[in-house]
Amino acid sequence: MSYIVKIIGMERLQKIIAQSGLCSRRKAEELILDNKVMVNGKIINILGSQASFDDEIIVDGKKLNLEKKVYYILNKPSNYITTTSDTHNRKTVMELVSGIKERIYPVGRLDIDTTGLLILTNDGELDNHLIHPRYEIVKEYIALCKPSIKKEDLKKLEEGIILEDGFVKANEVKILRTDSSNTLISLKISVGKKHIVKRMVEYLDSKVIQLQRVAIDFLTLGDLEVGKYRKLTDEEVEKLKKL
Ligand code: URA
């Protein structure tokens, strides 16, 4: 398998490896220290080493190719999975994009039935930054819940609850609309655990029947239609990198 990256000038070796999307910078440092990285046929095991676009870099037997970083936002429809391939022949979000030669992939996961904001990129560092719990990046979801939830119960999510994998807390929860059978809520969380919104709502003895991610921090869907995508602007990319 080859990985494609394009870097101009000299950069730290671990940064080039991470930017290729192969692994995180920390993992790249481990690989360097473990004698697993070769630059132009020579093993490099010193962390401060620099390399360039013209160098041949082989990591754990795999050659890195150099490619420019690209960033897209997709409004994911239901019934698509957020992986690049699927062994069960389900549709993947990659089928919604075309004409992109770079090897992009989805940042983080949305459930098959969740719709909304998904970032696609080939920038492994940004991917790692956006999903790493340390950065506590806030994502906003709109969830239609059935049966309806009382305001005082919903407040428990802001105080924090204990699920089977530990303590979780919403940054903010609001009722947008409610009637005798359903409640539409907006929920902001920085936790990235599996099925987290659904599990938080289940804790309140209700069930999510529709879920949409509407924002990742400042980045919103705007007027992007379901199933459509667009390039992120340079300003948006710079802001995401600084979150
Ligand atoms: N929480 C969920 O339950 N599902 C998602 O897809 C995202 C967050």
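Reader: Where is the place of K207: in which strand?

Author: This is a predicted model. In it, K207 sits in strand β16, which covers residues 207-216.

Reader: Which residues does K207 touch, leaving out those up to four places away in sequence?

Author: Four residues qualify: L144, C145, K146 and V201. K207 and I149 are 58 residues apart along the chain, and their C-alpha atoms are separated by 9.7 Å.

Reader: K146 came up there. Which residue does a cis peptide bond join to K146?

Author: Start with the general idea. Most peptide bonds are trans. Here the bond between K146 and P147 is cis, with omega at about -5°. P147 belongs to the loop between β11 (139-146) and α4 (151-159).

Reader: Now backbone angles. What is phi of D60, a residue other than glycine?

Author: Again, the general idea. Most residues other than glycine have a negative phi. D60 has a positive phi, near 50°. Look for D60 in the loop between β6 (57-59) and β7 (62-65).

Reader: Let us zoom out. Into which domains is the protein chain divided?

Author: Domain 1 spans 3-65. Domain 2 is made of 71-133 plus 221-241. Domain 3 runs over 138-216.

Reader: How far apart do the C-alpha centres of domain 1 and domain 2 lie?

Author: The distance between those centres is 26 Å. Now the interface itself. Eight residues of domain 1 are in contact with seven residues of domain 2. About 530 Å² is buried between domain 1 and domain 2, and carbon and sulfur atoms give 46% of that area.

Reader: How many salt bridges does the rule find across the interface of domain 1 and domain 2?

Author: The general idea comes in one line. Side chains of opposite charge can pair when their charged atoms come close. Across this interface the rule finds one salt bridge. R25 pairs with E125 in a salt bridge, with the closest N and O atoms 2.5 Å apart. The count of residue pairs in polar contact between domain 1 and domain 2 is also one.

Reader: Which helix gives the largest share of the side of domain 1 that touches domain 2?

Author: Helix α1 (residues 13-19) does, with three residues. By class, that side of domain 1 has two nonpolar, four polar and two charged residues.

Reader: How many salt bridges does a search of the whole structure find?

Author: The total is 15. One to inspect is the pair E30 and K27, whose side chains meet at 3.8 Å, N to O. The cut-off for a salt bridge is 4 Å. Both residues lie in helix α2 (residues 25-33), three residues apart, which is about one turn of the helix.

Reader: Last, the ligand. Which residues are around the ligand?

Author: The list is L110, D111, T114, Y141, H195, I196, V197, K198 and L211.

Reader: How far does a polar side-chain atom of T114 lie from an oxygen atom of the ligand?

Author: That T114 distance is 2.8 Å. Backbone atoms take part too. A polar backbone atom of H195 is 3.3 Å from an oxygen atom of the ligand. For I196, a backbone N or O atom lies 3.4 Å from a ligand oxygen atom.

Technical notes. Residues numbered from 1 in each chain as written. Predicted model: local features only at pLDDT ≥ 70, side-chain atom pairs only at ≥ 80, totals over all residues. Heavy atoms only, no water. Domains from an automatic or database assignment. Contact = heavy atoms within 4.5 Å. Buried area = accessible area lost by both parts, 1.4 Å probe. Polar contact = N/O pair within 3.5 Å; in protein donor to acceptor, adjacent residues only side chain to side chain. Helix = DSSP H or I, 4+ residues; strand = E, 2+ residues; numbered from the N terminus. Nonpolar A, V, L, I, M, F, W, Y, C, P; charged D, E, K, R; others polar. Near = heavy atom within 4 Å.
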